[in-house]
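Let's take a friendly walk through this structure, one stop after another. Please have the sequence and the 3D view open as you read.

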Amino acid sequence: MLHPNRSWRSWGRVIQAEHLIGRPTHRGELPAVMAQAQERGLSALPVGLGRSYGDTNLNPGAALIDMRGLDRFMAFDAETGLLTCEAGVSLSQILHMAVPRGWFLPTTPGTRYVTVGGAIANDVHGKNHHRAGTFGTSVRRLGLWRSDRDRVAEIGPNQEPELFAATVGGLGLTGVIVWAEIQLVRTPSSHLDQRLEPFGALADFFRIAEQASARYEHTVAWIDCTASGPRLGRGLFTLANWAQDGQRVVHSDRAGPAMPFEAPAFALNPLTLRAFNALYYAKGAMAAGDSKVHYTQAFYPLDAIRRWNLLYGPRGFYQYQCVTPAATAPEAMTEILRRVARSGEGSFLAVLKTLGEAPSPGLLSFPTPGVTLALDFRNRGQETLDLLAVLDTIVFEAGGRLYPAKDGRMSGAALRAGYPALDRFTPHLDPALSSAFWRRISA
């Protein structure tokens with residue numbers, strides 16, 4: 001059944017829209033839920049745990065299919081690490097099952113509160129992209145329900161490969177992912193040997209990144225996006241490999257501290273941003289060196305704070321993530337950080353990392369060889385949009401592109417410029433599915 005729901009909001013909290021919500025609890029219920037939407041003349045969109053920042057998981061005035069009820073493990077081979085599960089299974093659930101058995105996700109985004117279907121539809125990547133590629137690389141096959149077939153089709157890299165390539169990174173628009181078969185990876189421990197290395201300017205980031213890629217599986221840098229002048233681009237580089245100590249300590253999902261309320265609009269301003277970034281850098285510099293950390297600290301630090309998105313106040317925030325080729329990255333990233341520092345805006349947590357040569361399996365997969373920067377900007381309306389448009393120009397002139405999965409405002413022209421395979425993608429759209437993002441970039 002479809003039920004009214006007025007509270008569905010993206011993680012960035014810029015848009016809140018009314019939807020009808022379908023909540024199937026068994027795979028067999030999915031066709032009936034989809035049929036109800038079609039009978040009302042409404043498009044539908046499958047959604048998971050709601051961690052998408054922009055409007056890719058919104059379908060205002062139409063239907064959302066909440067896939068969290070399809071959260072069952074179907075098969076797991078403890079010898080090979082091959083897992084088959086329903087699309088509503090979260091990465092956190094997989095870790096609970098797999099870590100004690102010596103297995104881990106092949107790659108992971110910065111939160112474990114993502115469904116398998118969402119990880120595939122957004123083709124997420126992590127700190128080990130230069131070694132492992134994207135999440136979609138580990139998908140061996142999946143079950144896809146399409147309205148024009150009225151059945152679940154099994155697809156994969158060797159079975160309807162073009163539809164598979166459109167579905168991986170396809171933002172839930174090519175059909176409803178019902179289940180997936182994923183190859184997990186063996187790990188010797190639940191902990192990582194981690195090195196924290198401060199650096200004083202952006203040029204140092206590129207030097208460390210070049211040296212680290214062959215030695216470390218997981219690499220990422222936090223950037224002080226308020227710094228300027230000779231300190232422009234200073235930050236903290238985190239480098240890690242799996243520890244060999246054999247520990248198998250699984251995480252707990254018990255509720256931790258939470259933001260108790262929306263931060264008032266005045267709380268996030270250039271002064272508080274500069275103060276936070278300066279303190280964070282100083283604290284990191286004092287803690288520099290080697291340590292052993294649990295995977296939750298290495299991969300999911302923000303998961304420790306529930307509802308951290310309320311920090312950006314009642315108007316929400318935009319996340320901006322771009323990638324530029326390695327050859328143009330030093331100049332492009334320097335100019336982006338200059339513009340951000342000059343604006344007085346920016347992030348508590350700006351992330352800079354290199355992406356490797358592994359080809360992404362999806363037609364709209366974001367990662368491409370080069371350097372990617374992710375920034376959060378409080379929503380100040382047109383002033384924020386104007387700043388992001390300036391950053392767009394820098395990215396496109398450098399031959400880069402934006403991340404659709406995190407987008408809330410890019411144009412159709414920007415998507416077409418960054419994704420030359422778009423013409424191969426559109427024939428695979430499911431006619432019964434749509435989203436606010438797709439309607440916006442198609443206008």
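A residue is called buried when its relative accessible area is under 20%, exposed when it is over 50%, and partly exposed in between, using a 1.4 Å probe and protein chains only. The model is predicted, so local features need pLDDT of at least 70 and side-chain atom pairs count only at pLDDT 80 or more, while totals for chains, interfaces and linings use all residues. Residues are numbered from 1 along each chain as its sequence is written, and side-chain values use heavy atoms, with hydrogens and water left out.

Asp123 sits in the loop between helix 3 (116-121) and helix 4 (129-132); helices here are DSSP runs of H or I with at least four residues, strands are E runs of at least two, and both are numbered from the N terminus. With a relative accessible area of 0%, Asp123 is buried. Its phi is near 40 degrees, a positive value in a residue other than glycine. Leu171 also has a positive phi, of about 60 degrees, although it is not a glycine. You will find Leu171 in the loop between helix 5 (161-167) and strand 10 (176-183), where a relative accessible area of 8% makes it buried.

Next comes Phe73, in strand 5 (residues 73-77). Is Phe73 buried, exposed or partly exposed? At 36% relative accessibility, Phe73 counts as partly exposed. Leaving aside neighbours within four places in sequence, Phe73 is in contact (heavy atoms within 4.5 Å) with Leu83, Thr84, Cys85, Val89, Gln93, Ile94 and Met97.

Thr296 belongs to helix 8 (residues 295-299) and is buried, at 19% relative accessible area. Not counting residues up to four places away in sequence, Thr296 touches Arg112, His251 and Pro301. The Thr296 side chain also makes a polar contact with the side chain of His294 (2.9 Å). Such a contact is a pair of N or O atoms within 3.5 Å; within protein, one must be able to donate a hydrogen and the other to accept it, and residues adjacent in sequence count only if both atoms are side-chain atoms.

Our last stop is a pair of helices. Helix 9 (residues 329-343) and helix 10 (residues 382-397) pack at an angle of about 165 degrees, with their axes 9 Å apart. Axes are lines fitted to C-alpha atoms, for helices over the stretch in contact, and angles run from 0 to 180 degrees between N-to-C directions. Helix 9 and helix 10 are therefore roughly antiparallel to each other; angles under 35 degrees count as roughly parallel, over 145 as roughly antiparallel, 65 to 115 as roughly perpendicular and the rest as oblique. The contact is made by Ala332, Glu335, Ile336, Arg339, Val340 and Ser343 of helix 9 and Leu387, Val390, Leu391, Ile394 and Val395 of helix 10.
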